[in-house]
Amino acid sequence: MAAPDLLFGLRNNFYLGAYQAAINNSDVPNLSPEDVIERDSLVYRSYIALGSYQLVINEIDSSAATPLQAVKLLALYLSNPENKETTISGIHEWLGDPAVGNNPILRLIAGIMFMHEQDYNEALKHTNAGGTMEL
């Protein structure tokens, strides 16, 4: 029997576009370290969807896990159009790293950024392997 999905409600709110509800209901107890990263990723992406880029940029520091760093890079990308080249090169660097390049959150963020750039081939290259509903 599979364990219950503790992040179901958070994911559901996020996917439905109820970003404030996702943020408000994000205090989920007894999460594994991987689930904590996914929860934080969803919460920060909710803040990004609400336009609170600077909050995400300020809260995610350099010691955070790579998927969260990718979310911060998305916030930087969306908040500052002048630095698009820097953020795109940063995401390319992480995707090329064999240790973190296959992380589904990193691949999803890369796909989002490449979609904004209208580089659909590059977006599909990183998201076609699937593994999660969003990919």
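Buried denotes a relative accessible area under 20%, exposed over 50%, and partly exposed in between (1.4 Å probe, protein chains only). The model is predicted, with local features requiring pLDDT of at least 70 and side-chain atom pairs pLDDT 80 or more, whereas totals for chains, interfaces and linings use all residues. Residues are numbered from 1 along each chain as its sequence is written, and side-chain values use heavy atoms, without hydrogens or water.

**View 1. The salt-bridge network of Asp 5, Arg 11 and Glu 38.** A salt bridge places a side-chain nitrogen of Lys or Arg within 4 Å of a carboxyl oxygen of Asp or Glu. In the pair formed by Asp 5 and Arg 11, the closest N and O atoms are 2.5 Å apart. Arg 11 is buried at 16% relative accessibility, while Asp 5 is partly exposed at 43%.

**View 2. The salt bridge between Glu 117 and Lys 84.** The closest N and O atoms of this pair are 4.0 Å apart. Glu 117 lies in the loop between α7 and α8 (120–127) and Lys 84 in helix α6 (residues 84–96), so the pair ties together parts 33 residues apart in sequence. Helices are DSSP runs (H or I, at least four residues), numbered from the N terminus. Both partners are partly exposed, Glu 117 at 36% and Lys 84 at 28%.

**View 3. The salt bridge between Lys 125 and Glu 122.** The N to O distance is 3.5 Å. Lys 125 and Glu 122 are three residues apart in helix α8 and hence separated by about one helical turn. Lys 125 is exposed at 51% relative accessibility, whereas Glu 122 is buried at 14%.

Terms used: Helices (H or I, at least four residues) and strands (E, at least two) are DSSP runs, numbered from the N terminus.
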